[in-house]
Amino acid sequence: VYKRQMGPRAIFYYNDVFRVDLPDNHRFPMGKYESVRRSLQNELREGAVFRVSPTATFDELCTTHARSYVERVLNDELTRDELRRIGFPGGPQSIARATSSVGGTLAAARALFEPGAPRVTAHIAGGTHHAFWDRGEGYCVFSDIAVAANCILREQPSVRSCLVVDCDVHQGNGNAVLFKDEHRVFTFSMHCAGNYFSPVEASDLDIEVPIGAGDAEYCGKLEAVLPPLFHALAPQLVFFQGGVDPLANDRYGKLQLSRAGLRRRNEAVFGLCAQHGVPLVVTMGGGYPRDMRAGSADTFQVIQAHMDVYRGAAQLQNNAARWAR
């Protein structure tokens, strides 16, 4: 009989308590965050610890974004055009959600360096990779991954190399620009070649996947590129932007992946983190059902695909625990 020794569990932060009330015809699936979190809490009762995301502070945000921009966001002073580009209304709800989207990812990263820490933490939100130095776009106000990486690099002298693995269907354009002069952070973005909504930026490594690519082509590209990248960089911290918008059921995706294909993608990232013994922070990223009604087949598939990412993260941490006879 084998008995699992009680080791640290994966830590999952969540910010759906900072919900933004949107019009009924709005295309952003705000309700998915709570649905994913509640389902995971029910399913992973012994497999993960759940914590409410804190809000990022002014100084933390200013490690990455222009002081004047941060001030205007926090003071609810963005213009109508700026808000339209972001896609959310102004007001206290949006401010709380934007700062908690960053705060949860930063807390997840910091938790990796606490005494008795797990090797895997996650935020059931975040992945806001379209935010730039002084502006936001594409439902992204601030870059949570960039703020978290910059803070960890300041707080943890032992961390000299971070890798951002961005597998959202859209290019991680904001992070590409934010880290273009930071040699300690390597940005990798694998995205759809025909799915840009703003000018293309240059990540440290960009892999474009053609429209309509299915599981085999997509995963084949990823599995050819990631292992040598991990070997060459020897990262000491990995951020995984695990957007599920490459899913065939996605409103914007265009890549036609199945849930099985996305699980294979997740496993490729998780397996390399395990192989190299590198701590991992997982963030949510995109996922936009065509039919956003609660209970629709599209909504179910997108929610389950998101859950697959966190199921895999919890399993990765559980596998790291020792087993004794």
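Author: We may start with helix 5 (residues 92-111) and helix 6 (residues 144-155), whose axes come within 8 Å and cross at roughly 40 degrees. The model is a predicted one, in which local features need pLDDT of at least 70 and side-chain atom pairs count only at pLDDT 80 or more, while totals for chains, interfaces and linings use all residues. Residues are numbered from 1 along each chain as its sequence is written, and side-chain values use heavy atoms, with hydrogens and water left out.

Reader: What counts as a helix here, and what is an axis?

Author: Helices (H or I, at least four residues) and strands (E, at least two) are DSSP runs, numbered from the N terminus. Axes are lines fitted to C-alpha atoms, for helices over the stretch in contact, and angles run from 0 to 180 degrees between N-to-C directions.

Reader: Are helix 5 and helix 6 oblique or roughly parallel to each other?

Author: Helix 5 and helix 6 are oblique to each other. Angles under 35 degrees count as roughly parallel, over 145 as roughly antiparallel, 65 to 115 as roughly perpendicular, and the rest as oblique.

Reader: Is the crossing of helix 5 and helix 6 left-handed or right-handed?

Author: Helix 5 and helix 6 make a right-handed crossing. A crossing is right-handed if the near helix is turned clockwise from the far one by less than a right angle, and left-handed if anticlockwise.

Reader: Which residues in helix 5 and helix 6 meet?

Author: From helix 5, S101, V102, T105, L106, A109 and R110 meet D144, I145, V147, A148, C151, I152 and E155 of helix 6; contact means heavy atoms within 4.5 Å. By class, this contact of helix 5 with helix 6 has eight nonpolar, two polar and three charged residues. Ala, Val, Leu, Ile, Met, Phe, Trp, Tyr, Cys and Pro count as nonpolar, Asp, Glu, Lys and Arg as charged, and the others, Gly among them, as polar.

Reader: At what angle do helix 9 and helix 10 pack?

Author: Helix 9 (residues 259-276) packs against helix 10 at an angle of about 20 degrees, with the axes 10 Å apart. That makes helix 9 roughly parallel to helix 10. The crossing of this pair is right-handed. Residues of helix 9 in the contact include R259, L262 and F270, and those of helix 10 include Q301, D308 and L316.

Reader: And how do helix 1 and helix 10 cross?

Author: The axes of helix 1 (residues 32-43) and helix 10 (residues 297-320) come within 10 Å and cross at roughly 50 degrees. Helix 1 is thus oblique to helix 10. Their crossing is right-handed. K32, S35, V36, S39, L40 and E43 in helix 1 meet I303, H306, M307, Y310 and R311 in helix 10. The residues of this contact of helix 1 with helix 10 divide into five nonpolar, three polar and three charged.

Reader: R37 is in helix 1 too. Is R37 buried or exposed?

Author: R37 counts as buried, at 7% relative accessibility. Buried means under 20% relative accessible area, exposed over 50%, and partly exposed in between (1.4 Å probe, protein chains only). Not counting residues up to four places away in sequence, R37 touches Y14, D16, F50 and I124.

Reader: New topic: how many disulfides are there?

Author: The count comes to zero disulfides, a disulfide being a pair of cysteine sulfur atoms within 2.5 Å.

Reader: What does L237 contact?

Author: L237 is found in strand 8 (residues 237-241) and is buried, with a relative accessible area of 0%. Leaving aside neighbours within four places in sequence, L237 has contacts that include L112, I152, C162 and V281.

Reader: Lastly, what is the phi of K254?

Author: K254 has a phi near 70 degrees, a positive value in a residue other than glycine. Most residues other than glycine have a negative phi. K254 is found in the loop between strand 8 and helix 9, and Q256 is placed in that loop as well. Q256 has a positive phi of about 65 degrees although it is not a glycine.
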